[in-house]
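Please look over the sequence and the model below before reading on.

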Amino acid sequence: MMYDLIVVGGGPGGLMAAKKAAEDGLKVVLIERKKNIPEIHRYCGQICYLRKLSSSKAGLHGDGYVEPVSVEITDRSYRFNFPAVGFSLDYNGPIKPYLNWIEISPSGYRIWRRRDTIWGFFYDKEAFLAGLLDSAQKAGAEILPETIGMAAENTPTGVKVLTRGRKGEQTLEARKAIAADGVSSNIVDSLGMNEKRRSLGPSAKLVCYELEGVETGLPPFSWVAPCIPSINRLMVIFMGLAAGDKMALGSGSEEVLQKFMKHPKFAHWFRNARLVKKVAAAGGGKYGILTPIREPVEGNVVIVGDAGAPTETWIQGALASAFMAVNAIEKELDGKKGYPEYIQWWQKAFYFHKPDYFRMVIGMFALANAWASDEDVDYVYKLFQDRDGTPQNIIEQNLELIKAGRPELYERLKKGYEEAEKMMARVGGS
Amino acid sequence: MKYDLLVVGGGPGGLMAARTAAEDGLKVLIVERKRNPAEISRACLQIFYIRKYSASKAGLHGDGYIEPVSLEVTDRAYRFNFPAPGFSIDYHGPLKSYFNWIEVSPSGYRIYRRKDMLWGFFYDKEAFVAELLASAQKAGAEIMPATMGLAAENTPSGVRVRVRNKAGEQTLEAIKAIAADSRESNIVDSLGLNQKRQELTPPRRGAGLVGYELEGVETDLPPCSFLSACIPSINRLLTIYLGQMSGDRSILISGAEEIEKFMKHPNYAPWFRHARVMKKWATAAGGAKYGLLGPIKEPVAGNVVIVGDAAAPIETWTQGAVASAYMAVKAIEKEFDGEKGYPEYINWWQKAFYFHKTDYWRMVFGMFALANAWASDEDVDYVYKLFQDKEGPPQIVIEQNLELIRAGRPELYERLKKSYEQAEKMVPKAG
């Protein structure tokens, strides 16, 4: 049984690839580890980012996939538009706009990363994936749930994918394959593509509580990011929207979440809160954070989404790369050159290929390391209270203002930023 | 000096007509009464409606223009899309989402006209109109501000429009004209088009609509809510509306007296304890020549095409104004090319607006019926408490559940029933 295309992974990228390939008439099989494919086990912010700003204004988030996207609110459904690659997806679940992104100090001083502008939408990822799965199946894609993609091997005429399902191991054959199996991709690993990637650091764990009855007193539709060195350093605490009236509170460990919920300045937010759901995400896996795959094609296998990236490509990036990968594969099946175009697109469509991106990551680490106490953060956030921008940039650009009042903190921050620059030189930008 | 197209009125419809025509290469002049066309002098809730429903679910509002529209949020701008006529308008001003539409009784019982769903947006109409004006001018449209269109007269080769400004009266000539001068349109009246329209209500006396822009309003409503209040001791036909504006500001619209009374009402006064009035709007008090007139069925008279409110019984909304302006220009361009453009425009006009449908009038008269049936604030409280937290327009919720009122309030039940029956009788008259 020979397929035109095997898709490994049934997340947004894999489902999009299967849907598009099946719609274009290819014989497709999709294999996915989970039994119920749309079900989300890992924590996910479920944000469709819209406003992408230059790195100096935006900070990291939302800048994975840098081509423009739009959300269209119509009479009957919501539509996610990808004008650069040329497709749209309808979605019928709930959405909520994100209007603010507030960085907050231990005593509650605020810096506004985004204020009073729609920078993204919360949406229900399970509903979204269910829609994609349904249209992939309707288009004729074969779906094999509870099946793990173990390894891929190129052959002279195609590709063999070793899978393990409930009936044991099995080898599937196809002319082409797409690896959409996420951050610790077995397929990428089996093809030896991780050997050339450099490590950027250990991967972070993530725990998230879904809470009902949180009362922050902050403007509605805000993403809130408290910076409290006495509780946590590198892994930020964040609170965003969840389904219904719920809020999602996340960080690196439950201990951090517990401490935050008992913090004298924030405990009142949670006075009437009820924990509805707990979600953990196993981050990174075997290799930690790896630099991006520069050329995400190996023989007859094309890599899409997180499987080829150092960080989350976001749903947008997963969908767009899947669409582009299928386009490339269709060209190759027609005897034309499709891969070079895909590789080129991949290198320009994601922020993590740009030196600026690493400057942001490392700058964030530098800042996190420079704080000696909660009082440090309060002092600086009070100084820049209600400014618009990303804390690491505001602070870097106004470092001199800290010098007079806190010479010692100034020196620490300055050193932090200098070290970040040195790290930049070492990582080499990409 | 002869123009291809003369547009009377520089609101959303007029500016959209001028922009479209100028972009397509016509020589266009807009005549506008105001000195600054972008300034909004009438009270307006400034809502861009997205969700339109069947009459039984929606009620009146948002259902003027019934073709689908969408709001697209992009990286750099908001875009109002009109897929049916086929155009888009970019907008860079503020935008606020509306998720709820809550109808409240005097004591605060709530019926949800819409609940927890994105049904529309507040947008800043001045910013929107300013952008439209800029793009019309950029495309080459000329504008004559502080000038009133008085009358139009068809000639064998075009149209003459008499206008008045500080310099006195003058006559402008063009091959075609668009009347976008809104309700009580001078152009429509001068062409005799009002004579065939049915007067559905007598002219309204006294003050018109008044709007307050407020800072510091503190309601106990969920965020992103739009509110309408039904308090018979304060207001009957004129609803009290409370919506959101940019920043933390709110907009309160009703009659002048209604607003003052609402802000002092024992149950609602706490909302306004710290409120400050930042701006007031007032529509011209009294003096309306006609009451509510039925729609113009065929909004074309010789070389003049009517768009937006000028041909409608009720607000066509910004959507309906810009869509009809766009369609009117496309019709005129066809006529210029020697093709038949008018029949298409008339056809489109008759199907793109809810007020051509019988259902619409059932809603209007149902609303009137209800307003007339309330004898006291207590009546409304009783019924709203009975249907507390139900979803739907009150007039429909009540009509469908009339029997539930009978046991507790037989007299109120009879009054409501009679009102609904009277409303039913009025429907054919309007249809």
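Strand 4 (residues 70-73) of chain A pairs with strand 4 of chain B in the antiparallel sense over three bridges, where helices (H or I, at least four residues) and strands (E, at least two) are DSSP runs numbered from the N terminus, and two strands pair if DSSP finds at least two bridges between them. Within this pairing, Glu72(A) has Glu72(B) in strand 4 of chain B as its bridge partner.

This is a predicted model, in which local features need pLDDT of at least 70 and side-chain atom pairs count only at pLDDT 80 or more, while totals for chains, interfaces and linings use all residues. Residues are numbered from 1 along each chain as its sequence is written, and chains are lettered from A and ligands numbered from 1 in the order in which they are written.

The two chains meet through 16 residues of chain B that are in contact with 14 residues of chain A, contact being counted if the C-beta atoms of two residues, placed from the backbone, lie within 7 Å. On the side of chain B that touches chain A, strand 4 (70-73) and strand 7 (95-98) of chain B each supply at least two residues, and the largest share, four residues, comes from strand 4 of chain B. By class, that side of chain B holds eight nonpolar, four polar and four charged residues; here Ala, Val, Leu, Ile, Met, Phe, Trp, Tyr, Cys and Pro count as nonpolar, Asp, Glu, Lys and Arg as charged, and the others, Gly among them, as polar.

Turning to chain A itself, strand 1 (residues 2-8) is mostly covered, with five of its seven residues buried, a residue being buried if 20 or more other C-beta atoms lie within 10 Å of its own, exposed if 12 or fewer, and partly exposed in between, with C-beta atoms placed from the backbone.

| Partner of strand 1 of chain A | Bridges and sense |
|---|---|
| Strand 14 (residues 168-179) of chain A | six bridges, parallel |
| Strand 2 (residues 28-31) of chain A | four bridges, parallel |

Ile6(A) stands opposite Ala177(A) in strand 14 of chain A, and in strand 2 of chain A the bridge partner of Ile6(A) is Val29(A). From strand 1 of chain A the chain passes through helix 1 (residues 12-23) of chain A to strand 2 of chain A in a right-handed β-α-β crossover, a term that applies if, with the strands pointing away from the viewer, the path from the first strand over the helix to the second runs clockwise.
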